[in-house]
Amino acid sequence: MSRPAPPMTQPLTHFDTAGQAHMVDIGDKAITRRVALACGRIRMEPGTLALILSGTASKGDVLGIARIAAIQGAKRTADLIPLCHPIALTRVAIEFDTDADASTITCTARVECEGRTGVEMEALTAVQVGLLTIYDMCKAADRGMVIEDVRLLEKHGGKSGSFVARQASSRTPSS
């Protein structure tokens with residue numbers, strides 16, 4: 001049996017008063033510095049992680065290519081998410097951290113702009129595309145990889161101010 005949804009604390013901005021989807025009008029919003037930090041993880045077999053770290057994967061430098069893919073994902077977010085605004089990004093920084101004990105790679109994306117709308121979707125898209133690229137490059141060795149725990153860690157700027165997730169990592173991609 002389904003439980004009733006909790007009451008909304010904020011109205012959904014991508015719907016008009018008639019309930020129709022629309023792109024939010026940001027024309028009257030102030031241009032401010034916007035920053036978003038997101039992360040996610042891919043879990044794999046230990047041998048797959050060893051293959052990535054050794055640099056001997058048949059498709060090449062897995063993490064180097066995944067970094068470029070993540071940057072491209074951030075830049076192309078408006079092409080993928082129908083109601084996102086195209087944004088002139090000023091920075092996209094991607095880092096990968098490996099954990100041999102857990103056999104995981106964590107992708108962290110920091111995205112910045114000077115604009116009228118935030119870059120949360122760009123940071124989240126960057127993480128997903130980076131992790132999907134790792135999957136694509138290594139699927140011949142390990143089809144059981146799992147992408148998990150993709151989330152927004154922080155966002156700063158704009159009318160709604162800052163958001164910092166509980167238990168957010170203090171680590172950010174290098175400045």
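My entries run from the whole chain down to single residues.

**Ground rules.** I am working on a predicted model, where local features need pLDDT of at least 70, side-chain atom pairs count only at pLDDT 80 or more, and totals for chains, interfaces and linings use all residues. Residues are numbered from 1 along each chain as its sequence is written, and side-chain values use heavy atoms, with hydrogens and water left out.

**Whole chain.** I looked up the secondary structure and found four helices and five strands. Here helices (H or I, at least four residues) and strands (E, at least two) are DSSP runs, numbered from the N terminus. Along the sequence the order reads β-α-α-α-β-β-α-β-β. Of the 175 residues, 36% count as buried; buried is under 20% relative accessible area, exposed over 50%, partly exposed in between (1.4 Å probe, protein chains only). I also checked contacts, meaning heavy atoms within 4.5 Å. Among those between residues at least 6 apart in sequence, 70% join residues at least 24 apart.

**Helix H2.** Then I listed the buried positions: Val62, Leu63, Ala66, Ala69, Ala70, Gly73 and Ala74. Down the axis of H2 they fall within an arc of 140 degrees, so they line one face; the arc is taken from the directions from the helix axis to the C-beta atoms. An α-helix has 3.6 residues a turn, so residues three or four places apart point the same way. Exposed Ile68 and Lys75 sit on the face of H2 turned away from the buried side. The buried residues of H2 pack against helices H1 (46–54), H3 and H4 (120–138), plus strands E2 (89–99) and E3 (104–115).

**Thr77.** I found this residue in H3 (residues 77–80). Thr77 counts as buried because its relative accessibility is 0%. Its side chain reaches the backbone oxygen of Gly73 at 3.0 Å, inside the polar-contact limit (a pair of N or O atoms within 3.5 Å, one able to donate a hydrogen and the other to accept it; residues adjacent in sequence count only if both atoms are side-chain atoms). Leaving out residues up to four places away in sequence, Thr77 touches Cys84, Met121, Glu122 and Thr125.

**Cysteines.** Cys84 is buried because its relative accessibility is 13%, and Cys113 is buried at 1%. How many disulfides are there? I count zero, taking a disulfide as a pair of cysteine sulfur atoms within 2.5 Å.
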